[in-house]
Number of protein chains: 2
Amino acid sequence: MPRRRKERLRVTRVEGLGDNRVTRTVFDELIVEEPMTIQLDGAIVSTTMRTPGHDFELAAGFCFSEGLLGAASVTGVRYCASGSAVDTEFNVVTVETGGRAPVPSPRLGTTSSSCGWCGSDQLDAMCDRLEPLAPTEPFDLDVLASIPQRMSSTQGLFTATGAVHAAAAFDRAGELIVVREDVGRHNAVDKVVGSMLIGGVGALPTDGLGLFVSGRASIEMVQKAWAAGFSTLVAVSAPTALAVDAARRAGLLLAGFVRDDGFNVYAPERISGDGSGRAGSRTGP
Amino acid sequence: MPRRRKERLRVTRVEGLGDNRVTRTVFDELIVEEPMTIQLDGAIVSTTMRTPGHDFELAAGFCFSEGLLGAASVTGVRYCASGSAVDTEFNVVTVETGGRAPVPSPRLGTTSSSCGWCGSDQLDAMCDRLEPLAPTEPFDLDVLASIPQRMSSTQGLFTATGAVHAAAAFDRAGELIVVREDVGRHNAVDKVVGSMLIGGVGALPTDGLGLFVSGRASIEMVQKAWAAGFSTLVAVSAPTALAVDAARRAGLLLAGFVRDDGFNVYAPERISGDGSGRAGSRTGP
């Protein structure tokens, strides 16, 4: 049964200042957020605030993207079903591998009690785990620029609530293969990846496909894109420095600030066409 | 020594489509993100991706907002200093209470292996821990509407990178008392709260003050505002349904979509002036 993902509330609308101020009661749709605990073979690996829906994709995609599955395949995904907690039994999802996934370590215990790790340590660990992406034919830049416009009609929850992030996989022609929205930006990506892992939408690795995110590109977004095998990551907002570092090491094309008037390519440092011909004429010294 | 909070990179700028496309190399400033582990009396309680700077405020504010301190006072905050790991020793911060804070439970272990909790359970737990806010004189609505404009000149990292969230405490006249930016929106709020807890900026509880957040208002933001005693929470973007529920139970005024052309008040359900006088003339049945 689909869970409720938005809620209609009566609110007060205020417009104008001082004597010109008008307040009125209006109805507004708000995004629902609920915690969801993800278990791997019965062991808790994460609790996340998420928008209900596509819960299994989220759970499986999370375990995959975070490297928790090792070489194991997902044999099943299910809600915790005690039979007694109707409202909450959909907030615990177990990903099953028949015990073949490595026993997960509690996250909080993985940082030792001595000094911690920095971003580059994190990146090194990521590079130990993930091979650089195989070179693929680059996307047409016009296609990359077109993705936000193509997305605009698909973001139903965003249109209604203004409070969700979106993620999508798209192909070389710019066709959107799967679109997911979630109150958590990481969750939206996990759902896209999960849809390819267990939802029958394409397959992993996502060779040659692109990943769109409606917000910023942090290192976690690059990690998730890299782990799933996307060749390109398109973000509406800014990437972080560590995300660019990771993308360059991954061989992932990272585009940010993708808006109506253009976008920035952050990785690789130079793209073909830059510094020659028409582009070069504007590059200067 | 202040840590680097932004990084200048050479990137490719792409503008226009097809034959009109121009690519050029430009320099761009990007926000730095680094993981930081927070310890409470030596026990790890969280690892968060954050923008370096105001780390002690972040650590202390987090422990406070999350209720980890109990009745204990913070007796000290320090970096882990092994003397050997120069680059990473600033990524572990220990909040000390001399052992008087409750022994923290690992987060992942607090969700039992039976069925999980839902948002209302979370809210109930919050209400068990936090008293409803004492009524205070409401803010002038013009003041609330003015906060984003007042903030605009203070968000240095945002202006440079476009990739950070901001939070601020403001008084009844709209004066900004403390402004913090962070790659994590929760972190920005924790830093504001931490600045009042240990930074000598005001005091906790923040009776009568308002809290501004540059993004959305999720339940965690309401929880943090409530725990610190703010009377009002102003968000540039949308709140979630659970956040509105929490704010109404807290007695917190929650305003969302605070933009140039007005804003919505989500909690309380009705504000004074709504349904009477000038406002009422537009309210209708």
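Mentor: Let us begin with one helix, H7(A), whose buried residues are A:Ile219, A:Glu220, A:Met221, A:Val222, A:Gln223, A:Lys224, A:Ala225, A:Trp226, A:Ala227 and A:Ala228. Please keep in mind from the start that this is a predicted model.

Trainee: How many of the residues of H7(A) are buried?

Mentor: A residue counts as buried when its relative accessible area is under 20%, and by that rule ten of the ten residues of H7(A) are buried, so the helix is mostly covered. Just after H7(A) comes A:Gly229, which takes a positive phi of about 90 degrees.

Trainee: What share of the 285 residues of chain A counts as buried, and what is the secondary structure of the chain?

Mentor: For chain A, 56% of the 285 residues count as buried, and its secondary structure comprises nine helices and twelve strands. If we take the contacts in chain A between residues at least 6 apart in sequence, 51% of them join residues at least 24 apart.

Trainee: Before I read any detail, what is the average pLDDT of chain A, and which elements have the lowest and the highest mean pLDDT?

Mentor: The average pLDDT over chain A is 77, with 81% of the residues scoring at least 70. Element by element, helix H9 (residues 277–283) of chain A has the lowest mean, 30, whereas strand E9 (residues 210–213) of chain A has the highest, 96. The pLDDT remains under 50 over residues 83–87 of chain A, a stretch with four contacts beyond four places in sequence in the model. Over residues 107–117 of chain A the pLDDT is also below 50, and there the model has 35 contacts beyond near neighbours in sequence. For the model as a whole, the scores are ipTM 0.73 and pTM 0.76.

Trainee: How do the axes of H6(A) and H7(A) cross, and which residues make the contact?

Mentor: The axes of H6 (residues 185–198) and H7 (residues 219–228) of chain A come within 10 Å and cross at roughly 5 degrees. An angle under 35 degrees counts as roughly parallel, and H6(A) and H7(A) are therefore roughly parallel to each other. On the H6(A) side the contact is made by A:Arg185, A:His186, A:Val189, A:Asp190 and A:Val193, and on the H7(A) side by A:Glu220, A:Met221, A:Lys224 and A:Ala228. Sorted by class, these residues are four nonpolar, one polar and four charged.

Trainee: In chain B, at what angle do H1(B) and H6(B) cross, and at what angle do H1(B) and H7(B) pack?

Mentor: Helix H1 (residues 55–65) and helix H6 (residues 185–197) of chain B have axes that come within 7 Å and cross at roughly 95 degrees, and since 65 to 115 degrees counts as roughly perpendicular, H1(B) is roughly perpendicular to H6(B). Among the residues making this contact are B:Phe62, B:Phe64 and B:Ser65 of H1(B), and B:Asp190 and B:Val193 of H6(B). The contact divides into six nonpolar, five polar and three charged residues.

Mentor: H1(B) and H7(B) pack at an angle of about 90 degrees with their axes 9 Å apart, and are therefore roughly perpendicular to each other. Here B:Phe62, B:Phe64 and B:Ser65 of H1(B) meet B:Gln223, B:Lys224, B:Ala227 and B:Ala228 of H7(B), giving four nonpolar, two polar and one charged residue.

Trainee: Is B:Lys224 buried or exposed, and what does the residue touch?

Mentor: B:Lys224, which lies in helix H7 (residues 219–228) of chain B, has a relative accessible area of 2% and is therefore buried. Leaving aside residues up to four places away in sequence, B:Lys224 touches B:Phe62, B:Ser65, B:Glu66, B:His186, B:Val189, B:Asp190 and B:Val193. With B:Asp190 there is a polar contact of 2.9 Å between the side chains. B:Lys224 and B:Gly67 are 157 residues apart in sequence, yet 9.6 Å apart in space from C-alpha to C-alpha.

Trainee: Which side chains make polar contacts with A:Ser146 and A:Asn264?

Mentor: A:Ser146, in helix H4 (residues 141–152) of chain A, counts as buried because its relative accessibility is 18%, and its side chain makes a polar contact of 2.8 Å with the side chain of A:Arg150. A:Asn264, in strand E12 (residues 262–267) of chain A, counts as buried at 6%, and its side chain makes a polar contact with that of A:Tyr266 at 2.9 Å.

Methods:
Residues are numbered from 1 along each chain as its sequence is written. Chains are lettered from A and ligands numbered from 1 in the order in which they are written. This is a predicted model: local features need pLDDT of at least 70, side-chain atom pairs count only at pLDDT 80 or more; totals for chains, interfaces and linings use all residues. Side-chain values use heavy atoms; hydrogens and water are left out. Axes are lines fitted to C-alpha atoms, for helices over the stretch in contact, and angles run from 0 to 180 degrees between N-to-C directions. Helices (H or I, at least four residues) and strands (E, at least two) are DSSP runs, numbered from the N terminus. Angles under 35 degrees count as roughly parallel, over 145 as roughly antiparallel, 65 to 115 as roughly perpendicular and the rest as oblique. Contact means heavy atoms within 4.5 Å. Ala, Val, Leu, Ile, Met, Phe, Trp, Tyr, Cys and Pro count as nonpolar, Asp, Glu, Lys and Arg as charged, and the others, Gly among them, as polar. Buried means under 20% relative accessible area, exposed over 50%, partly exposed in between (1.4 Å probe, protein chains only). A polar contact is a pair of N or O atoms within 3.5 Å; within protein, one must be able to donate a hydrogen and the other to accept it, and residues adjacent in sequence count only if both atoms are side-chain atoms. pLDDT is the predictor's confidence in each residue, from 0 to 100.
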